Amino acid sequence: MKNHLTRRTFVALAASAAAARTGSAATTGKSDPSLTIWMETPAAQWADALPLGNGRLGAMVLGEPLKERIALNDDTLWAGQPHDTTNPDAKNHLPIVRKLVFQDKNYVAAGKECQKMQGPENFAYEPLGDLHIEHVGLTEATHLKRSLDLDTAIATTTFQSGGVTFTREAFVSFPDQVVAVRITASKPTALNLRISLTCEMPAKTSAASDGTLLLAGKAPTANNPQIPDSVRYSEVSGEGMRFAAVLSAKADGGSVQPEGNILVISKATSVTLLLSAATGFRGFALPPDTPAAALEEKCRKGLAGKPAFAALKARHIADHRALFRRVQATLPSTAPDGSALPTDARLKSFPKTQDPALLALYFQYGRYLLIASSRPGTQPANLQGIWNELVRPPWSSNWTANINIQMNYWPVFTTNLAELNGPLVDLTQDMTVTGAKTASVNYGARGWCSHHNIDLWRQASPVGMGSGDPTWANFAMSGPWLCQHLYEHFQFTGDVDYLRKRIYPILRSSAQFCLDWLIPAGDGTLTTCPSVSTENDFFTPEHQKAVVSAGCTLDLALIHELFANCLSACEVLQDDQAFAAQLRATLAKLPPYKVGRAGELQEWSENFEESTPGQRHMSHLYPLYPGAQFTRDTPRWMAASRRSLERRLENGGAYTGWSRAWAIGLWARLGDGDKAWESLSMLMQHSTGNNLFDTHPSGPKSSIFQIDGNFGATAAMAEMLLQSHAGKITLFPALPKAWPSGNFTGLRARGGLQCDLIWADGKRTANLRALRDGKHRIVAGEGYNVATGNQPADAEITLSVVAGRQYRVEVIPI
C-alpha cells in the first residue's frame with residue numbers, strides 16, 4: 001500500500017506540473033484558491049493594503065467597506081529635477097584618504113576625509129494621490145472580505161449592508177495603462193456613491209459634467225531625507241514636475257453628477273471607474289517642464305476609446321497570466337485549514353503550523369510583485385516597488401544600490417520573468433552617462449561609477465552632504481554589482497547580439513573605472529582605497545570604531561566578477577583582445593581572500609575586530625551568493641563562508657526582511673536546506689506583514705514596508721531547488737526535510753534550460769526543456785546521483801541538448 005500511495009502522490013504531482021505548462025491556461029481557467037491573499041478586516045494602515053500595479057501605475061487597496069481608499073502612484077513622479085551632483089574637490093581628498101589608510105593607518109581620520117568627497121542627497125519618490133469611494137446612506141457593513149488574486153492580479157472587496165451585497169473589483173492594466181475599478185450591487189439601483197481624488201502635495205481637483213475628475217498638482221523642487229523641514233515647492237517651470245490624473249465614472253442604471261470637486265453617483269446598479277495619470281518627466285537629463293494642459297490632455301487621451309469593463313478585464317488577465325503562469329509552485333500544507341483561513345490568520349499561526357504551503361504563496365507573491373512593479377519601458381522596482389504614500393518616504397523610496405535594488409532583481413531570471421529585467425538595464429545604461437561624469441570629476445578616472453543611492457535623475461555621486469557615514473555614502477562599487485545583472489541576462493538568454501550591442505559596452509566602461517580605481521597595495525598586489533564593507537564598521541587597533549580601509553572582500557569580489565564576465569564576453573564576441581589581456585594581467589594581481597582568526601571569511605583586508613558582529617549586511621559573502629566564486633569545488637572558502645554566516649546569525653544578524661532573505665540564499669548555496677527553511681520560518685515570523693509584505697524594523701516595536709525581502713526570499717527559494725552557476729546545473733541542492741513533496745515548474749537555468757522539479761516520498765525528478773542547443777553538466781545535492789534514460793547514475797553527467805526537446809533526469813540517493 002505504501003508504494004501505491006507513493007506512486008499516486010508522484011503521479012498527481014507530475015500531472016499538476018503538466019497542467020501548469022498547458023498553453024491554454026494563459027487565458028482560460030479558474031484561479032487557484034491557494035494563490036489568493038485575503039483578510040476579513042480592512043487594512044489598519046497603508047502598508048497592510050493589497051498592492052496592484054502595471055510597472056508604471058501603482059495602487060494600494062485598503063478595503064474599507066463604506067469609505068474605500070485606493071492610494072495611487074506613478075513611477076516617474078519624483079521630487080526635484082536634473083542637477084550637477086559631482087564634487088570637483090573630491091579628487092583633491094582622494095590621495096589624502098589613501099595616505100591616511102596605507103601610511104598612517106589612521107582609519108578614523110580617513111573616514112572623516114571621505115566625507116569631504118560627498119555630494120547632495122537623492123530626491124524622493126512621491127505619491128500621486130488617493131481615490132476615495134464613499135457609500136452614501138450605508139451605516140454598517142458585515143461579511144467583509146478583501147482579497148488579492150495573484151493569478152488574475154485583481155483585488156476584490158465584498159461586504160453586505162441592508163441585505164445587499166456590494167462588490168468592488170480593482171486592477172491596473174498594462175495593455176490599457178489605466179487603473180480600473182468596478183463597483184456592483186446585488187440589488188438594482190442600490191449604489192449611491194461619492195467619488196473624490198485627494199493629494200498630499202499642492203494640487204487642485206475639479207469635477208466635470210462629463211463624469212470626470214481632474215487632479216493636477218506639482219511635486220517638490222527640493223526634498224532632503226536628512227532634513228525634516230526641507231520640502232520646497234516652486235512655480236518655476238522645470239523646478240519640480242507637474243502631474244495629473246483624470247478619472248472617468250460611468251454608471252449603469254443611475255446618474256453621475258459633479259458637486260464641487262466630487263462626483264456624486266445616484267441609484268446605480270454598477271459603476272466603472274477608470275483612471276489615467278501622467279507626469280512631467282521627460283528623461284533623466286531633461287527638465288520636467290511639461291505644462292499642466294499637456295498632461296491633462298495626455299490623461300484624457302489615455303481614457304479615450306477604452307472597451308467595456310469585461311473586455312478590459314479579460315485583456316488585463318491574459319497579459320498578466322502570460323507572465324505569471326509560467327511558473328507553478330506547490331508545497332504540502334501542514335495546517336488543518338490551509339488556504340481556507342484568512343492569510344493574516346495563517347501568518348499568525350505559522351509559529352505553530354510551520355506550513356510550507358504559505359511559503360509557496362509567498363514565493364508566487366514575490367513573482368507577482370515584480371510583474372506589478374517592473375515592466376518593459378518603466379522605471380525599475382525601487383525600495384517599495386512602485387508603492388508609496390508619503391511625501392518624505394523612508395530612505396526617499398529610492399534605488400539603494402549596495403544590495404537593495406540588486407536583490408529586487410535576483411528572482412527575475414530563475415523564476416522565468418526575464419523581460420522584467422529591462423528597466424534595470426535601462427537604469428544602468430543611464431548611469432553610464434551620469435556615472436562617467438562622476439568618475440571623471442570626482443576621481444579623475446575613466447569609465448563610469450555609481451555609489452549607494454540612485455534617484456530618478458540618476459545621481460551617481462556619493463550622497464551624504466559632508467556628514468554621511470562613509471560606510472554607505474562612499475561605497476563606490478555599485479556599478480560592478482549592477483553589471484552582474486546585465487551579464488546574467490546573457491547567461492540565461494544566450495542573446496549574443498544583445499551582449500554585443502547593449503551589455504558589453506556597459507561592462508567594459510565599468511571595468512575601465514575599476515582599472516583606474518585599483519592602486520598598488522605595497523606588496524605586489526592591487527587593491528581599492530577608500531574601501532568600505534557596506535554599512536559595517538570595525539575596531540581599529542586603538543579600539544576606535546572606523547569604516548574606511550583598503551581592499552574589503554566585497555570590492556575584490558565585485559571586481560573579480562566584473563573582469564571575469566568581461567573576459568567571457570570577449571571570448572564569446574571574439575573581440576577586444578587587447579583589453580582582455582589587460583584585465584587578465586590585473587586579475588592576477590588582485591589579493592587573495594583571507595580566513596580570519598575564528599575560521600570565518602575575512603571581511604576586511606586586515607583581521608579587524610568586528611564592532612557589530614550581528615550586522616544585517618553580509619557583503620563579504622558575495623562570492624558565495626549572489627556571486628559564484630565559492631562552490632563545492634572550493635571547500636576551504638565554503639567552510640569559511642559558513643562560519644561567517646553562523647557568526648552573523650549567532651549575534652542577532654538578519655533582523656531585517658531583506659537580510660533574512662539573503663541568509664536563506666546563502667544557506668541554499670551552502671547546500672543546507674534545513675537551515676534555509678529555518679531562516680524562511682524566521683522571515684515569516686519576524687519580517688512579514690499581514691499582506692505578506694516584507695518589513696524592516698523602524699523602532700523597538702515598529703516596522704516599515706521594504707520590498708527587497710519579498711524578492712530576495714523568492715529568489716532564495718528557487719536557489720534551494722535549482723542552481724546553475726559556475727558551469728554546473730545542480731538539481732535539488734538544498735531541499736529541506738520540511739518539504740517532503742512538491743513541485744516547482746517553469747524555473748530557468750543558465751545556459752537555456754527550463755526546469756520542472758517534482759518530488760514525493762524520496763523520489764526526485766527533473767524534466768528539462770532545452771531552449772537552445774547546448775551541453776550541460778548536471779549534478780544533484782550532496783548525497784545524490786543523477787541519471788537519464790541512457791546514462792547510469794553518477795555524481796555528474798553531461799547532457800547534450802537540442803532546442804525544443806525535453807529530457808528527464810532522475811535524482812537518486814547514493
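Here are legends for a few close-up views of this predicted model.

Residues are numbered from 1 along each chain as its sequence is written. Local features need pLDDT of at least 70 and side-chain atom pairs 80 or more, while totals for chains, interfaces and linings use all residues, and side-chain values use heavy atoms, with hydrogens and water left out.

**View 1. Asp 151 and its two arginine partners, Arg 321 and Arg 325.** Asp 151 makes a salt bridge (a side-chain nitrogen of Lys or Arg within 4 Å of a carboxyl oxygen of Asp or Glu) with Arg 321, at 2.9 Å from N to O. Arg 321 sits in helix H5 (residues 309-324) and Asp 151 in the loop between strands S6 (142-149) and S7 (154-161), so the pair ties together parts 170 residues apart in sequence. Asp 151 also bridges to Arg 325, with the closest N and O atoms 2.6 Å apart.

**View 2. The salt bridge between Asp 355 and Arg 346.** Here the two side chains meet at 3.5 Å, N to O. Both Asp 355 and Arg 346 are buried.

**View 3. A salt-bridge network.** Arg 642, Arg 643, Glu 646, Glu 650 and Asp 672 are linked up by salt bridges. A search of the whole structure turns up 43 salt bridges.

View 4. Thr 765 counts as buried because its relative accessibility is 1%.

Definitions and conventions:
Buried < 20%, exposed > 50% of the residue type's maximum accessible area, 1.4 Å probe, protein only. Helix = DSSP H or I, 4+ residues; strand = E, 2+ residues; numbered from the N terminus.
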